[in-house]
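Please look over the sequence and the structure before reading on.

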Number of protein chains: 2
Amino acid sequence: MKRYLSGDEWNIEEREFKPEHHPNSESLFSLGNGHMGQRANFEETYSGPSLQGNYLAGVYYPDKTRVGWWKNGYPEYFARVVNAPQWIGIRIFSGENELDLYRMDVSEFMRKLDMKSGILHRSFTASWPDGTSVRVETQRFLSMSRRELGAIRYRLTPVNFSGELSASLYLEGDVRNQNANYREKFWKPLGHGTSGRYSWLTSRTKKTGFEVCVAMSTRMRINGRSDTIAPDRESKVNFAAHRYRLTVQAGETIEWTKLAAVTTSRDHPADQLVQQACNLLDRAEKTGFDDLKKEHINWWNRKWDISDIRIEGDLSAQQGIRFNIFHLNQTYTGHDPRLNIGPKGFTGEKYGGSTYWDTEAYCLPYYLNTMDARVARNLLLYRYHQLDKAIENAVKLGFTNGAALFPMVTMTGEECHNEWEITFEEIHRNGAIAYAIFNYIRHTGDRQYLVEYGLEVLIALSRFWAQRVNFSSSKQQFVILGVTGPNEYENNVNNNWYTNLIAVWTLNYTLESLEYVQKNAPRRYEEILKRTHFDPQRETARWKSVADHTYFPEDKELGIFLQQEGYLDKEQILSDEVPEQERPVNQHWSWDRILRSSLIKQADVLQGIYFFESYFDLDTIRRNFDFYEPRTLHESSLSPCVHVILAAKLRRAEKAYQLYLRTSRLDLDDYNNEVGEGCHITSMAGTWLSVIEGFGGMRVVNHHLSFNPLLPESWQSLRFSINFRGNRIRIIITRKQIELTAANDEEVTIQIANQTFTLSGRKPLQVSFKA
Amino acid sequence: MKRYLSGDEWNIEEREFKPEHHPNSESLFSLGNGHMGQRANFEETYSGPSLQGNYLAGVYYPDKTRVGWWKNGYPEYFARVVNAPQWIGIRIFSGENELDLYRMDVSEFMRKLDMKSGILHRSFTASWPDGTSVRVETQRFLSMSRRELGAIRYRLTPVNFSGELSASLYLEGDVRNQNANYREKFWKPLGHGTSGRYSWLTSRTKKTGFEVCVAMSTRMRINGRSDTIAPDRESKVNFAAHRYRLTVQAGETIEWTKLAAVTTSRDHPADQLVQQACNLLDRAEKTGFDDLKKEHINWWNRKWDISDIRIEGDLSAQQGIRFNIFHLNQTYTGHDPRLNIGPKGFTGEKYGGSTYWDTEAYCLPYYLNTMDARVARNLLLYRYHQLDKAIENAVKLGFTNGAALFPMVTMTGEECHNEWEITFEEIHRNGAIAYAIFNYIRHTGDRQYLVEYGLEVLIALSRFWAQRVNFSSSKQQFVILGVTGPNEYENNVNNNWYTNLIAVWTLNYTLESLEYVQKNAPRRYEEILKRTHFDPQRETARWKSVADHTYFPEDKELGIFLQQEGYLDKEQILSDEVPEQERPVNQHWSWDRILRSSLIKQADVLQGIYFFESYFDLDTIRRNFDFYEPRTLHESSLSPCVHVILAAKLRRAEKAYQLYLRTSRLDLDDYNNEVGEGCHITSMAGTWLSVIEGFGGMRVVNHHLSFNPLLPESWQSLRFSINFRGNRIRIIITRKQIELTAANDEEVTIQIANQTFTLSGRKPLQVSFKA
């Protein structure tokens, strides 16, 4: 844990410069706009510890797999989110002195992420050993209205000296990933040059052949006057610079503006990248920095209007949730159906790939509720389009008959993770993909999706489960052996309760869906049967049999489900018995010790109860929560959100609140000592869930919304809005009542606690309720 | 499986040159002399597929660990047996034509390993595309009497042409390991030069700093006359050559002799390596090739006299066992206590490290029976000297109080394997180390070893087990969770029967040993208590409690021990259900499929029964054998030997014989399609065991030898000799009787079947017996 940030409900602020905090801040203050993003690296040279990171959505590199011992079935490559040519660089020299905060005295430092506007601010005074000092103020944003555009305003004032000053505003193509498996460079430089006032570089990723152009335009003004000096321009392989040299007087303010356009062959013909980038710069120059910023802020204003959550009475909670929403909004905007939501977004290199089960299990509801239903539908279609590859993947592992195993980590549908216990065994991911279809339809009512796409995916998933089980003659039931559940602190276990549950549920849901499509779209049904070579009698008989006779481990005496068979053979250690200095245990304990312990990385039984809440009575939920919560370390970022929701359901306000802080401030307060590597983007959607479904108590049951709020003691009110079947509904929960207002005229049936109300048109519905 | 070799009882022969067999032959025909060894690479250039390999015992490189995902507790490096500067090279040119069997027509090819003499022969006629051809005959050996010396005689006759011929006899320092994790070179060249008639190179391994000198002396004779031409000599970084140019007449025979001396800083001061190598060459030159060969053959004659096994009536079995004994004798000679027995010996790069549990579990009896007891004792001391590192290793994994976990793979006592399921979980290796102490003392009667060294190791091992178990409140017994047993086709299982057995046995044996030392060497006992901070009351109480209350999985109905908990939940597939084209399954099935299947890589329950045979009645052994044998794939080279021994015990001659062929001809017939990577040296000791303990039925029970032979149908007789407590006993088993002769005058009590006899002095004892 590391707490050094301050700020207010809209701003995250760092008030003192400490190099040991810098890698964390680089992650936390990252910017993105769906198309591109970057860590909060300094524009000027910084010679201290730093992770330079600049990323382009969808641009990846198939890094040659590195494993200790090859296992049959491992994928050939691991998809890396590529560290891309960098455009923020500005080197500043005063005579021989270079501006480098690592080697200078820094005072009045302030770094601020203005989440309302999506702008990164920085200001500081820095002194060289010779006593001369400068004052710097910067602003940076990645335009939301022009996604290929980034802008920097860099103001510098010599505080106590006059003399020679030079600035080099540059583009750098020679970048590499810190996490490359073999220190390989992923880029090949293509060209460089100038075009009018602009300089540019082009590069191509090796193997994948993505081409990228980075172009810049720069301007300088002194004391607000327009620039008089044109820069010296240099352009060579992998490098382009605009150099300004001038003589300054103490107290004068020099302002550089740097606009950068980043175009890629994902969006344009490769031979037009330079032209497109220059056109973009032309238009941006005409608009000017200030108006570009206004456009950008307007986008954010609109975005916040629909996605904001307001918490009165608790600054820390308020700041935390906005931080999460801010990152979600800047990571994935839904504008490009080829993209997905990487677990680190644009904030770091770790993990690689862009698509994990996180999308289906945690992220989908955020997009369902804050954006047009097409965005969530695109996320489902992303998997539909990769179904063939999931079938191929299953064939590699020995499955037949069109069974599919979706990848654990992917860019293109091909698996690119390579630890056997995850790649081959963390198969519950397949369940999340089925669940997402169900969840999408539950929320949107769009059953047509099932007909057009969903059923095909479900059939392939059920075929997988039907083959993956085996009949245990000793148990006289079906079992699922050798899996890793969501709790990755157990590997290769038998009968993971969660996996068995979601497998059986998938089989049943597929059976239901088959019936639905047969009845409602018989022609399409026949088409699907033909296309998938489906044998209705034989296959559904097997599925029913498996669904009805699968083993679920439980302990009758304790009245709990068992995470896996044999869980109670472990020495039962609780998480609060682990000394602070040994946390997170994955940084301190050897792997075997972790595996043997009863400690849990993330919700597993509780995850299953959360997904299928209606199957369980409140006593069962309580018993399982009381058993598993004390054993859970929450060392997965995906863990606490689910616990918040269940704690809230159990009316455990204090517990829910503590866990909420953990999820919403996981990165801000660096609970797991790893934020320097990047933020936990996908778990931020879990945080959102923990507010809406936890404290808001929102559910969709039988096509109707229901609420059962619970406010933490310090919260005076909670406000949010959701998109439900095309209607935007605003919810205000205070300690005494819940107020709902719909954006359109439709009548909406709403359940609050156990009472049914009708929300009609745009008239607020107020219901007294002790939250 | 690949069968292409012929030969007779003393020779392995390859009669046709096929490039696709070459990598296998390079492994099979490898030479070694304990100090150094090499694959049967051709002297002349060979541009086809080949694994060049030349190795020096004890010279290793700490290759930077390569893993997909780092786990806490992983070692920093993986010790590689280093591919060392190569001295066999001879390039031959006829005009522009280079001798290269991959690019020529080859006829009358013969490669022969003369196991009786330890000499590699080769002869062939090779024709270039222009129709000219040469006849070549070579001999090579690594001297057993002068371990730093290798010798080659290379004879060449132009068959159908006269003209210019040149030969370059060279040393090559620029070698690399094919299996280097990062394509790194392990050697740094140091020097090169000539000294008198000799040329030399010196090199140093990076990081470990082993220095090596390779020096050569060469001679040429034409038609048996002494050489008249002195070679041109070249020496540069990493390369030295002696070049001979001459004009030859068709039918003339040119003979080159190349002697090489290889000295290392493991044996000499680094600054004397060149001098030592040249002195060696001086002495060798004086002796001459023919007499060097005689010395070498004499060594082998003596060696065979004590280690040979003769099987009358079965050429394939006879050749197989000699092949195994030959490799064992040339891999580890016991002359250097710092060495151990690498699983590939000098035949390949795979695995790395030199010390596995193979040494204790499989190899020790071979050395106990065929060499002076000091050799086996040295093998035990090797671990004793590494005890501190084993304790450090355990500390890394969270153990305390002097508990030791010996490494899975090591050179120096440090762990260098990096798969969590092996490194951290294949802890049964600790048991083998205790068992070896017991086995050594059982065979030699040297209980003093326990007093001086053994007890300290046993205490550290028992401390490990006492911490590694945990008490299961649901079972009310101790359990051992999260282990990998000898059957590596299961990972991270609970209560592996073998592991639990050897753990409990170790605790009991340590308790016994403590009592023995306390009674017989009270002063040493006190010293050990002090040194190990041993708390006799508390610790032994815990050990007794664990030993008495540990859970053993079994199935009462089937009357078998269960390999691990839950084994019967698997779909019960037998090994003969796996189609031939899917074998070995580790080359065809994905890892998860292997893990989930009931198929077994190697003996696990049966391994335990073999070690502790006297604990089990014959019916129990039969039931377990009948259950597990059909499920065992024998895809570990260490597997079949144990099955042979148990099958013989159960008087299943045919089964025992089939399994014996599998173990004794595992490499010769390449059962597992992997011999190109190297031979399975350590399992060769298992093969030896399978004859002695299997067909010979030999045991040591209560300080006495016992025999209970069983001859396969085709065997007329079986002869071998063993070293038992300083006495060499020769055994001849025919179909009607067993005859024993002791080498010295002591009276020896011998049990044959269930009768007791006395073997007195050097008089043969003949007992009628239907084997």
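This is a predicted model: local features need pLDDT of at least 70, side-chain atom pairs count only at pLDDT 80 or more; totals for chains, interfaces and linings use all residues.

In chain A, helix α8(A) contributes A:His428, A:Asn430, A:Gly431, A:Ile433, A:Ala434, A:Ile437, A:Tyr440 and A:Ile441 to its contact with α9(A). From α9(A), the residues they meet are A:Tyr449, A:Leu450, A:Gly454, A:Val457, A:Leu458, A:Leu461, A:Phe464 and A:Trp465. By class, the residues of this contact are twelve nonpolar and four polar, with no charged residue.

## Geometry of the pair

Two packed helices are described by the angle between their axes and the distance between the axes. Helix α8 spans residues 428-444 of chain A, and helix α9 spans residues 448-468. They pack at an angle of about 155°, and their axes lie 10 Å apart. Because angles over 145 degrees count as roughly antiparallel, α8(A) is roughly antiparallel to α9(A). Their crossing is left-handed.

## The two sides of α11

Helix α11 covers residues 522-532 of chain A. Its buried residues are A:Arg524, A:Tyr525, A:Ile528, A:Leu529 and A:Thr532. Viewed down the axis of α11(A), these fall within an arc of 145°, so they line one face of the helix. A:Arg523, A:Lys530 and A:Arg531 are exposed on the other side of α11(A).

What do the buried residues of α11(A) pack against? Their partners are α9, α10 (497-520) and α12 (536-548) of chain A.

Technical notes
Residues are numbered from 1 along each chain as its sequence is written. Chains are lettered from A and ligands numbered from 1 in the order in which they are written. Side-chain values use heavy atoms; hydrogens and water are left out. Axes are lines fitted to C-alpha atoms, for helices over the stretch in contact, and angles run from 0 to 180 degrees between N-to-C directions. Helices (H or I, at least four residues) and strands (E, at least two) are DSSP runs, numbered from the N terminus. Angles under 35 degrees count as roughly parallel, over 145 as roughly antiparallel, 65 to 115 as roughly perpendicular and the rest as oblique. A crossing is left-handed if the near helix is turned anticlockwise from the far one by less than a right angle, and right-handed if clockwise. Contact means heavy atoms within 4.5 Å. Ala, Val, Leu, Ile, Met, Phe, Trp, Tyr, Cys and Pro count as nonpolar, Asp, Glu, Lys and Arg as charged, and the others, Gly among them, as polar. Buried means under 20% relative accessible area, exposed over 50%, partly exposed in between (1.4 Å probe, protein chains only). The arc is that of the directions from the helix axis to the C-beta atoms.
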